[in-house]
Amino acid sequence: MNRAEQWPAAMVEVVDTLVDDVDLIDFLRHLCDRCTELLDVPAVGVMLSAPTGKLQLIAASDEHTGLLELFALPTDEGPCVECYRTGTARLNIDLRVPSQVSAFPRFAERARQGDFVTGHALPMRVRRRVVGALNLFDTREQELSETDARVAQALADVATIAVLQHRTLVHTDVERAQTKAALSSRVVIEQAKGILAERRQATPDEAFGAPRRHARAHQFRLTAPSRQVIDGSDVVRVIQRP
Amino acid sequence: MGTDNNLAAVLESLQPSPGDTGLISADPYLCAQLLGVDGVAVCVLTDGGPGELLWSTGGTGAWLADVQYTLGQGPCLDVAASCAPVFAPDLSRLPPGRWPALLPEVVATGIAAVFCFPLSVGSACLGTLTLHRTVPGPLPDSAMTDAWLVADALSAVLLRGGPQQEAFAAGETSDFYGAVVHQATGMVSVQASVPLAQALLRLRAHAFRHGRTVAEVAEDVTARRLHFRDAENGPETGAGEGTGRP
């Protein structure tokens, strides 16, 4: 089983134990409250995928009981479900316009009964995998600006991290390596620049001009030739050439 | 609601937009203002190395990262090792055994309080967010909450990757604070015929002996004001030029 396949199993474990974890639920509820303040949206909820594959409301801003009722009913439709499936945000949905809610008519009807007019759903995502959705519902006809949408996505990201944080999932190494690998690769390149600069008595950037042009021309990464500079195998190859 | 607006602005802008070159694009000064501190710095861990400075308010914030890198001790290294936050709201009241080499230098610089948060996903630590202040005292609850939000949002940004990260990894962007240190490490390894790890240790040792940071010493090496040619006799300064400091 590779890492990507392990990941949903680990996520299931999280959701299984979430209900017992007062701290995390508290944190997510607090996050929902912060979200209502920052974005001036009255109802915010965090949904995660449950073992059954269905989304489950884990925390909500406590102002609005309508939201809890909306999500209390078992459902496999709604903007959050759509967002979870596609991994893309769905913003500024007018819940009264049939063409906008054609994928989830029953959900929209219940939402309208709860006096909600506008809805937004943002994916909770780690790299390509979606673990849930952050949902915002408004009783007013009020659009999220582009800036608001970015704030909302940042908060959805925070919720994602908090959920991951919480368990020792992590021996799956979740995609943690991305930034670390980027940095490590960059460090190697800079070290190789220094080595070449010293060998050729040039500035680091001058010394690295040729390898860089070569890499660009042949569209390969600089990390491998940089490693050869560091372990000296670039020199060995030159010497061995007849 | 000024604070909330600032929090929204910081969260909104953390993720780099197309065309940005940095890995983190928010304004660090706005972030410091939001959290009521004098400076912020984000370091990201590499394989086997100490944290690399990626984003900071510069000046004292960058210096604090440098001096920890140089001395090999400090809150960032502790946070990276434990993946738990380290708060020192009053450095003058720390026991002297804590960070013995670092503490006097930091206090002499006028830093009175340091708060260091892990950028983590589960038990994996990606890096650190460090806040510092010249006035001692705990971080108020609201700032503490916001600092955790910013730290988690930073973790998400770093996890997400994207074109900026690829360009950075390929060395296509020039704005890498640590570049000069690693270039100098490569140069010293040739000058003294030692492996890279040992070359970096030499740079750090030289910095330590002269009360400087490794970044400052590295500048001298890449500018060829300082050479480490002879492994036995230690570094020598280049002819006709000083080391940049008495």
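Start by selecting A:Asp115: at 55% relative accessibility, this residue counts as exposed (exposed is over 50% relative accessible area, buried under 20%, partly exposed in between, using a 1.4 Å probe and protein chains only). Before going on, a word on ground rules: this is a predicted model, where local features need pLDDT of at least 70, side-chain atom pairs count only at pLDDT 80 or more, and totals for chains, interfaces and linings use all residues. Residues are numbered from 1 along each chain as its sequence is written, chains are lettered from A and ligands numbered from 1 in the order in which they are written, and side-chain values use heavy atoms, with hydrogens and water left out.

Stay on A:Asp115 and check the backbone: phi is positive, about 70 degrees, although the residue is not a glycine. Most residues other than glycine have a negative phi. A:Asp115 sits in the loop between α5 (105-113) and β4 (118-126) of chain A. Helices (H or I, at least four residues) and strands (E, at least two) are DSSP runs, numbered from the N terminus.

Now select β4(A). Is this strand mostly covered or uncovered? Covered: eight of its nine residues are buried.

Click A:Thr118 to find its bridge partner in β5(A), A:Asp138.

Then bring in β3 (90-94) of chain A, joined to β4(A) by three bridges, again antiparallel. Here A:Ile93 has A:Gly119 as its bridge partner.

Last stop, chain B: select B:Arg224, in the loop between α10 (214-222) and β6 (226-230). Its phi is positive too, near 55 degrees, and this residue is not a glycine.

Methods: Pairing = 2+ DSSP bridges.
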